[in-house]
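Here's a quick briefing to read with the model open beside you. Keep the viewer handy and click along as you go.

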Amino acid sequence: MSPAPFQGAGDKTFKNRYAGWTLKECEDSFMSQLLDLYKAHRPAALDRPALWWREESWTFRQVEEESQLLAARLAHLGIAPGQVVALLVERGPLMALWPLAVWKAGAAYLPLDPSYPPERLRLMVRESGAK
C-alpha cells in the first residue's frame, strides 16, 4: 500500500480516503508523509535555521546530523521498527530532535511530561509497552 498524498482532516475526502483503514495503517501513512515532507524540504534548506531555542539556533543540517546520531543510538540500544519509545525530555532542542530520531528508527514515541508524578509516568510506560 502506498501512502496517499498528505491531506488534512479538513479535506472533504479525508474520511473517505481512510475509510476501512486500521489505526496502524493511518499512523504509518501519516508518519511516512511527514518524513517525506521533511526530506523534500531539507536539501534546499540545509544551512538555514530549522530550530530556535533561546539564543541558540540549529540549521537543518545540524538537526539532520544530530537526529541521525540519536537514531543510531536508539538502534544500538535495541530499538526496532514498530516499538514504542518513552521520551521524558525537558523543554529544549532535544524535545524536537528525539521524536525525529525515534521516527527515523522506525519506532513511535510516547511523550512523557517531567512534571507528572513518577507513579503516573511508570503507569503510562507500563500500559503503552514503551521501552
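This is a predicted model: local features need pLDDT of at least 70, side-chain atom pairs count only at pLDDT 80 or more; totals for chains, interfaces and linings use all residues.

**Aromatic rings**
- Tryptophan 103 is partly exposed, at 22% relative accessible area. Tyrosine 109 is also called partly exposed, with 29% relative accessibility.
- Elsewhere, tyrosine 116 has a charge over its ring: the charged end of arginine 120 sits 4.1 Å from the ring centre.

**Helix H4 and what comes after**
- H4 covers residues 94–104, and its buried residues are Leu97, Trp98, Pro99, Leu100, Ala101 and Val102.
- After H4 comes glycine 106, which has a positive phi, near 85°.

**Serine 67 in helix H3**
- Look for serine 67 in H3, the helix made of residues 60–76.
- Is serine 67 buried or exposed? Serine 67 has a relative accessible area of 0%, so it counts as buried.
- A polar atom of the serine 67 side chain lies 2.9 Å from the backbone oxygen of valine 63. In an α-helix there are 3.6 residues a turn, so residues three or four places apart point the same way.
- Leaving out residues up to four places away in sequence, serine 67 touches Leu97, Leu100, Ala101 and Lys104. Leu97, Leu100 and Ala101 are also among the buried residues of H4.

**Second largest pocket**
- This pocket holds about 160 Å³ of space.
- Its lining is made up of Leu87, Val89, Leu94, Met95, Pro99, Tyr109, Pro111, Leu112, Asp113 and Pro114.
- Which elements each supply at least two residues of that lining? They are H4 and strand E4 (108–112).

**Overall fold**
- The protein chain has five helices and four strands, and along the sequence they run α-α-β-β-α-β-α-β-α.
- Of the 131 residues in the protein chain, 26% are buried.
- Take the contacts between residues at least 6 apart in sequence: 57% of them join residues at least 24 apart.

Technical notes. Residues are numbered from 1 along each chain as its sequence is written. Side-chain values use heavy atoms; hydrogens and water are left out. Buried means under 20% relative accessible area, exposed over 50%, partly exposed in between (1.4 Å probe, protein chains only). A charge sits over a ring if NZ of Lys or CZ of Arg is within 6 Å of the ring centre and within 35 degrees of the ring normal. A polar contact is a pair of N or O atoms within 3.5 Å; within protein, one must be able to donate a hydrogen and the other to accept it, and residues adjacent in sequence count only if both atoms are side-chain atoms. Contact means heavy atoms within 4.5 Å. On a 1 Å grid over the protein atoms alone, a cavity is a set of points where a 1.4 Å probe fits but cannot get out, and a pocket is an open set with protein on both sides within 12 Å along at least five of seven lines; lining residues have an atom within 4 Å of a point. Grid points are joined across faces, edges and corners, and a volume is the space filled by probe spheres set on the points.
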